[in-house]
Amino acid sequence: MTTQAALTHSRALEVARQALKVEADALLALGPRLGDAFEQVVQLILSSSGRVAVMGMGKSGHVGRKIVATLASTGTPSFFVHPAEASHGDLGMVTKADIVLALSNSGESDELNAIIPTLKRQGVKLIAMTGRSDSSLARHADFVLDSRVDQEACPLNLAPTASTTAQIALGDALAVALLDARGFRAEDFARSHPGGALGRKLLTHVRDLMRSGDALPRVKADMTLLEMMRVMSAKGLGCAILVNDQEHVTGIFTDGDLRRLIERGTDLRGLTAGDVMHGSPRTVQADALAVVAADLMESARITLVLAVDEEQRLLGAISINDLMRAKVI
């Protein structure tokens, strides 16, 4: 066992900064080497009716799984196949319509090379991402993506560090190029991330969260103030919504409005809902995104907006608490 070198604060920083520089230089060197092969790979994947099957052993396998996740979430159907398991049946997951993206820095992975003949017999297109253009993998591939690095960030130049970083970056570049070519939008991204914050913002509509039906505190203009207060207390929304016989919204009365009447010393006896309501309440279309309602609440400094149809008929109400429970805000 070798003796552990004395570690000093300055030495740790020096090694770390050098590692970052090596990896940064490796990434900067990738760009100028991109060329026709990269464009051809993008066109191949775009025109394919199948999926991208990513393969790699060891650290390249870990990188491959990350590339699969990025491709799948940005509109390119893909999956990971372990090369060793592929030799024992999992190769059946790959069809002739699919495209194989094989990762190997050396290009001499025994597990990958063992399945290349079968892939070629099936007529599967093979893309190699490798650091050696003269390797066995590169020679048998239809297209080669050059992930070569001059050195690893490891001081011994042994542990896969800069080379795996280059593979990840090249995979990201491929995913982004495909995303752009497909016209992939934020809404498309949200559909593959329904559980994330972006998914909730871009996929949740007012209709999904609003209170409706008997949960709404509907009142008519001739209702007495006392009767209206009973409706407000029963429904628990902190307001009463005034509608006419056609269900068109004509006004709103809130807890805050009542407080202000009392502060002004207004005689509340004999008042009706029509006497105290204020017109033109804030409304939003029921089919609008929930974030639209959130933005309206923020800009108007209110905690509730009404959901209406195109003719301003009342459909529901959505409060800031509803938005918070759904984690839209």
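In what order do the 3 strands of the open sheet come? The order is S9-S10-S11, with mixed pairing; strands here are DSSP runs of E, at least two residues long, helices are runs of H or I of at least four, and both are numbered from the N terminus. Two strands pair if DSSP finds at least two bridges between them. This is a predicted model, with local features needing pLDDT of at least 70 and side-chain atom pairs counting only at pLDDT 80 or more, while totals for chains, interfaces and linings use all residues. Residues are numbered from 1 along each chain as its sequence is written, and side-chain values use heavy atoms, leaving out hydrogens and water.

S10 (residues 304-308) runs antiparallel to S11, and 5 bridges join them; Val308 has Leu314 as its bridge partner in S11. Helix H14 (residues 290-300) lies across S9, S10 and S11, at about 135 degrees to S10. Axes are lines fitted to C-alpha atoms (for helices, over the stretch in contact), and angles run from 0 to 180 degrees between N-to-C directions.

Elsewhere, H2 (residues 36-47) packs on H7 (residues 162-182) at about 55 degrees, their axes 10 Å apart. That makes H2 oblique to H7, since angles under 35 degrees count as roughly parallel, over 145 as roughly antiparallel, 65 to 115 as roughly perpendicular and the rest as oblique. Contact (heavy atoms within 4.5 Å) involves H2 residues including Phe38 and Ile45, and H7 residues including Leu170 and Arg182.
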